[in-house]
Amino acid sequence: MIEQVRNSRLAEIFAWTPLRIGVSLVVPVVTFLVLNWSFQFMRAAAAPRAVIAVVALVVGVGGVWALFLAMNQLVSQFPIRARDTLLPYVFVGPALVVLMVYIILPAVRTVSLSFMGRRGEEFIGLGNYVFALTDPGMIITLRNTGLWLLLVPAVAVTFGLLIAVIADRMSEFWERIAKSFIFMPMAISFVGASIIWRFIYFYQPAGFEQIGLLNAIWTYFGGDPIGWLTWRPWNNLFLIWIMIWMQTGFAMVILSAAVKGVPSALLDAARIDGAGEIRVFFNVIIPYVSGTILTVTTTILILVLKIFDVVFVMTSGQYQTGVVAFRMYQEAFIFRHFGRGSALATILFLAVLPIMIRNMKEMRARR
Amino acid sequence: MRRYARAPLVLMVVLLTVFALLFAACEPAEPDVEATAPTDNPWTEGEDLSGTEVEIFGAFVDTDAQNFQESMQPFIEQTGIEVRYEGSGDFEALITVRAEGADPPDIAAFPQPGLMYDLIEGGHVIDVLDFMDRDYLEQQYAEDWLAIAEHDGLMGGVWYRASVKSLVWYAKPLFEQEGYEIPETWDELVALSDQMVADGYNPWSIGIESAGATGWVATDWIEDIMLRTAPPEAYDDWVTGDLPFASDEIRRAVGYMSEIWLNEDYVLGGTTSILTVPFGDAINPLVMDPPRAAMHRQAQFIIAFLPEGVDVEIGEDLDFFYFPMIDEQYGEPVLTAGDVFGMMEDRPEVRAVMRYLTQGESTRAWLEYGGFVSPHEDTPLDWYPTDLDRGIAEIMLNADTVRFDASDMMPGAVGTGSFWTGMVDYIQGDDLDTVLQRIDDSWPDD
């Protein structure tokens, strides 16, 4: 009886808000100290790299785990009501620290660097942003990024939807074959795909054997070999095409599932009412899957905003094919102008933000 | 339930203890006692530093890295200091990250002094004059070289490898068959090119594609021509930004280059080829049978890019001549590049390695392998394994003026950015004045 009273009183104490906040602070601090200690330990250790790697694995995975067990142990000593209120913080605490250290802090630092000069030492106001929006090279870069943003989602989603609808009408065997082929590029890394396309666009002077597929076909029909990747401004389209080639499969798979979800009763009703197949497509299928189309489009949009690999492998931004993400890398790591690099990163972040918020709202609404 | 939860905890503790013990066990063991004492050498100042380790990080990889490691062997054997070289094609990006991230290598082998200047300004490089005499360095290197390594009143590093760029490679059988003479002036070079066109040959093979570095072949030409058409002081002013790109000197140099580059009859495949062919492949047409092009201007290292499986004898199938002078008053200058080794951590064993690197002996293994020119004054010419290597070394020694690749010394935004891009744009047909103005605008203010 007495025991019970004491427990409930303890519970009241632990339900006290300042204490809850206190515990929720202690957890991250302890996590941070453990991770920091292990980092210092591994950096200072003069052991073979393989051993360090194993220790990193054990401390990284096991250390957090052990910490969680210990905290769990501690919290479970408390009476049940206090435990219930404290336990969530034990779960969330380490994740919050990791988020803080690896995402929020660098983001804040990037934004503050974007107002600084070349070495990130002196404050220069909006200079880097003025550069990003007015420099002639940057204007071409922005133009290219705009082209990417416009063409890749539009074409990939259009193709994906068309293929999804057409494949839906094939026999199951052919549907599988067709979809597999179109989905396959998705399985290749951006760098891998770019290398494949480098060979397709490869150029040799006239009179040499054309080992690039496109030039081999072109010269077979009597044309002079074309330097596809140096032929501005069209070279941008040849790069964009690679991305479309890779993303159509993704759009197709998601849209195909949505198309299959259109109730056949709805389709039949439309047909009985006299709608032709084209009318059914535009007036029934598209409105029905419009939510999915939007989701796929925004997903591809975010991907394209960050596009780097294809440009890096194919042209390294030369011949006026640069995009914002590539220019960001160039400014920060090649020209070592951290201010400009950070400003471009911030611009990219701001551009992604509304799309992200829109996507999240969409997801919440559906739930 | 609680019992099970505790078992892994115990396991964790045990595991961590085991690894801690492993750490202790893995401390590098003392090396075997050598025949010669580790103090008996000219580099460690009588200290016994055996068992210590020095890490060098650089841009050269593969065979070059092996040759370098080989060259370090005499030092390792005599001092017992382990020298470990690590190379990466992404050196430029990684060295910045490592320096800023407080994880610098002991020594960094910079292929571009401009990059080293940046790190000097960031306070990441240690002055070698802290422990070396200037007199000693002057005795080991020509003054031109020392001047390039110096920045902000600090001697940033020591030179290890030189690369001579003012070379024109030519298809020797073609020259012999047609009786072409080696040109000694620019006019003779142009006259020879015309003669070749008249005889139905492509005089030049040029290719500048080089991934992120596309354009450097063009900037090399401009620099080489600059040295031949303007005084060395103008060249130095250009490097520091005191002479703008939009100046008569630069315009004149671009004009000379265009005389060859933009002449579709001269260049195999015309401007499209220039822009698209990888620089390493541009030598190939010279060694085809029959040769598809007669001449190719490139630094000595291009012979490492000769296609595999093609039997090319240097001196028979392929040879070189000096990129001819243009104006007699500027004589015969030479454009060079090279690797400068900067010290980023100050420990006695690192100083010892730096001392070793100032001596020709530290290059011997690589030099004897071939394709290497040593900037050290104490390197005897008879170490060079072939006439070709010796010939290139002699060109450098006999030059009236030696200047370093200008784009490598300019700020990164220009030297590895707008200058390259600008030349690419110009070759693609952009107006020269606009291009030069764009490069000037990109020069950093601070």
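Guide: Domain bounds in this text come from an automatic or database domain assignment. The model is predicted: local features need pLDDT of at least 70, side-chain atom pairs count only at pLDDT 80 or more, and totals for chains, interfaces and linings use all residues. Residues are numbered from 1 along each chain as its sequence is written, chains are lettered from A and ligands numbered from 1 in the order in which they are written, and side-chain values use heavy atoms, leaving out hydrogens and water.

Visitor: How far apart do the C-alpha centres of domain 1 and domain 2 of chain B lie?

Guide: In chain B, domain 1 covers 53–164 + 336–396, and domain 2 covers 167–332 + 411–441. Their contact (heavy atoms within 4.5 Å) takes eleven residues from domain 1 of chain B and ten residues from domain 2 of chain B. The C-alpha centres of these two domains are separated by 28 Å.

Visitor: Which residues in domain 1 of chain B lose the most area to domain 2 of chain B?

Guide: Buried area is the accessible area (1.4 Å probe) that two parts lose on being put together, summed over both. Between the two domains of chain B it is about 840 Å², and carbon and sulfur atoms give 70% of it. On the domain 1 side, 54% of what is buried comes from three residues together: V164(B), L388(B) and I395(B).

Visitor: What is the count of salt bridges between domain 1 and domain 2 of chain B?

Guide: A salt bridge is a side-chain nitrogen of Lys or Arg within 4 Å of a carboxyl oxygen of Asp or Glu. Over all chains the structure holds 39 of them. Between domain 1 and domain 2 of chain B, the count is zero.

Visitor: At what angle do α11 and α12 of chain A pack?

Guide: Helices (H or I, at least four residues) and strands (E, at least two) are DSSP runs, numbered from the N terminus. L266(A), L267(A), A270(A) and R271(A) of α11(A) meet E277(A), V280(A), V284(A), I285(A) and Y288(A) of α12(A). The residues of this contact divide into seven nonpolar, no polar and two charged. With axes 10 Å apart, helix α11 (264–272) and helix α12 (277–305) of chain A pack at about 145°.

Visitor: Which residue forms a salt bridge with E172(A)?

Guide: Helix α7 of chain A spans residues 172–183, and the two partners are about one helical turn apart because four residues separate them. The closest N and O atoms are 2.9 Å apart, and the partner of E172(A) is R176(A).

Visitor: Is the peptide bond from D289(B) to P290(B) cis or trans?

Guide: Most peptide bonds are trans. P290(B) sits in the loop between α12 (270–276) and β8 (295–297) of chain B. With omega near -5°, the bond from D289(B) to P290(B) is cis.

Definitions and conventions. Axes fitted to C-alpha atoms, helices over the stretch in contact; angles between N-to-C directions. Nonpolar A, V, L, I, M, F, W, Y, C, P; charged D, E, K, R; others polar.
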